[in-house]
Amino acid sequence: MLTPEEIEARDFLISLRGYDREEVHDFLGQVADRVRELQDRVEELETDAAVSAQRAAAAQETAELTIPQPAAEPPAPAADTSALFAEIGRETQRILEAAQEAAEQIRGRAGDDAERELQTAREQAAELLADGERRLEETRRAVARLKDARSALAGDLLSVGRTIDQLLRELGPDGEESQPATGVETSVAEARGEQADAAD
């Protein structure tokens with residue numbers, strides 16, 4: 001059987017978001033005080049029982065000297081003592097059952113709290129994962145749009161370069177074709193090469 005000192009000294013593991021240690025220790029202190037009171041009461045009852053047994057023995061001796069008792073009859077004080085010890089046993093059992101029930105309630109609440117924390121963590125992780133996937137998809141779409149815009153711009157530059165080359169040929173000296181504006185075509189070719197590299 002646990003002593004009040006053992007109950008008060010009982011320590012519990014610390015969890016991330018468990019029970020308030022002060023509240024648990026206060027409760028254990030109350031249980032220990034109740035056990036202490038009941039132990040004091042048991043001692044009083046045992047003392048009373050011992051005194052009653054002594055008185056009964058003395059009364060029985062006196063009665064045996066004056067009035068003979070039949071041997072078959074059990075003495076009354078023994079029955080009283082048995083009832084007293086039976087009551088002590090029942091009270092002790094009630095104390096132990098109450099302590100066991102309190103411990104099971106504490107364990108049950110701690111398990112429920114841990115399960116709730118785990119479920120919350122899982123939900124937060126799922127939300128973060130979904131948000132990350134959503135942002136990744138948005139980034140992919142933005143990159144695709146930029147590639148399309150660059151391709152369109154390169155096509156426009158090539159068309160403008162050809163138009164400039166054509167105009168320069170038409171505006172050259174009489175009877176001579178001027179050289180094409182290779183700088184524009186080179187820039188367009190470089191832009192197309194970068195586009196091809198980026199596509200790879």
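**Charged pairs along the helices**

Reply: R41 pairs with E44 in a salt bridge, with 3.5 Å between the closest N and O atoms; the term stands for a side-chain nitrogen of Lys or Arg within 4 Å of a carboxyl oxygen of Asp or Glu. The model is a predicted one, in which local features need pLDDT of at least 70 and side-chain atom pairs count only at pLDDT 80 or more, while totals for chains, interfaces and linings use all residues. Residues are numbered from 1 along each chain as its sequence is written, and side-chain values use heavy atoms, with hydrogens and water left out.

Both partners of this pair, R41 and E44, belong to helix α2, where they are three residues apart, or about one turn of the helix. Helices (H or I, at least four residues) and strands (E, at least two) are DSSP runs, numbered from the N terminus. R41 counts as partly exposed at 42% relative accessibility, and E44 is likewise partly exposed at 43%. On this scale buried means under 20% relative accessible area, exposed over 50%, and partly exposed in between (1.4 Å probe, protein chains only). In general, side chains of opposite charge can pair when their charged atoms come close.

Elsewhere in helix α2, which covers residues 21-66, D33 and R36 are three residues apart and so separated by about one helical turn. Their side chains meet in a salt bridge of 3.0 Å, N to O. D33 is partly exposed, with a relative accessible area of 37%, and R36 is partly exposed with 27%.

E8 lies in helix α1, residues 4-9, and, not counting residues up to four places away in sequence, E8 touches H25, G29, A32, D33 and R36, where contact means heavy atoms within 4.5 Å. E8 is partly exposed, with a relative accessible area of 37%. From E8 to D26 the distance is 8.8 Å, C-alpha to C-alpha, although the two are 18 residues apart in sequence.

D26 also has a place in a surface patch of negative charge, which gathers D20, E22, E23 and D26. Patches are made of residues with over 30% relative accessible area and no salt bridge, like charges being joined within 9 Å and nonpolar side chains (Val, Leu, Ile, Met, Phe, Trp, Tyr) within 5 Å. For charges, Lys and Arg count as positive and Asp and Glu as negative, with His and the chain ends not counted; the place of a charge is taken as NZ of Lys, CZ of Arg, CG of Asp or CD of Glu.

R90 is partly exposed, with a relative accessible area of 42%, and E87 is partly exposed at 33%. The pair is part of a network of salt bridges that links R34, E37, E87, R90, E91 and R94.

E91, a member of that network, is also a contact of L38. L38 lies in helix α2 and counts as buried at 8% relative accessibility. Leaving aside its neighbours within four places in sequence, L38 is in contact with E91 and I95. L38 and E91 are 53 residues apart in sequence, yet their C-alpha atoms are 8.0 Å apart in space.

Helix α3 also contains V160, which is partly exposed, with a relative accessible area of 44%. V160, I164 and L168 form a nonpolar patch on the surface, with about 220 Å² of accessible area together. Such areas come from the Shrake-Rupley method with a 1.4 Å probe, and for residues only the protein chains shown count as cover.

Seen as a whole, the protein chain has four helices and zero strands. Buried residues make up 12% of its 200 residues, and the chain exposes about 15500 Å², of which carbon and sulfur atoms supply 55%. Among its contacts between residues at least 6 apart in sequence, 62% join residues at least 24 apart. Across the whole structure, a search finds 11 salt bridges, including the R41 and E44 pair that opened this account.
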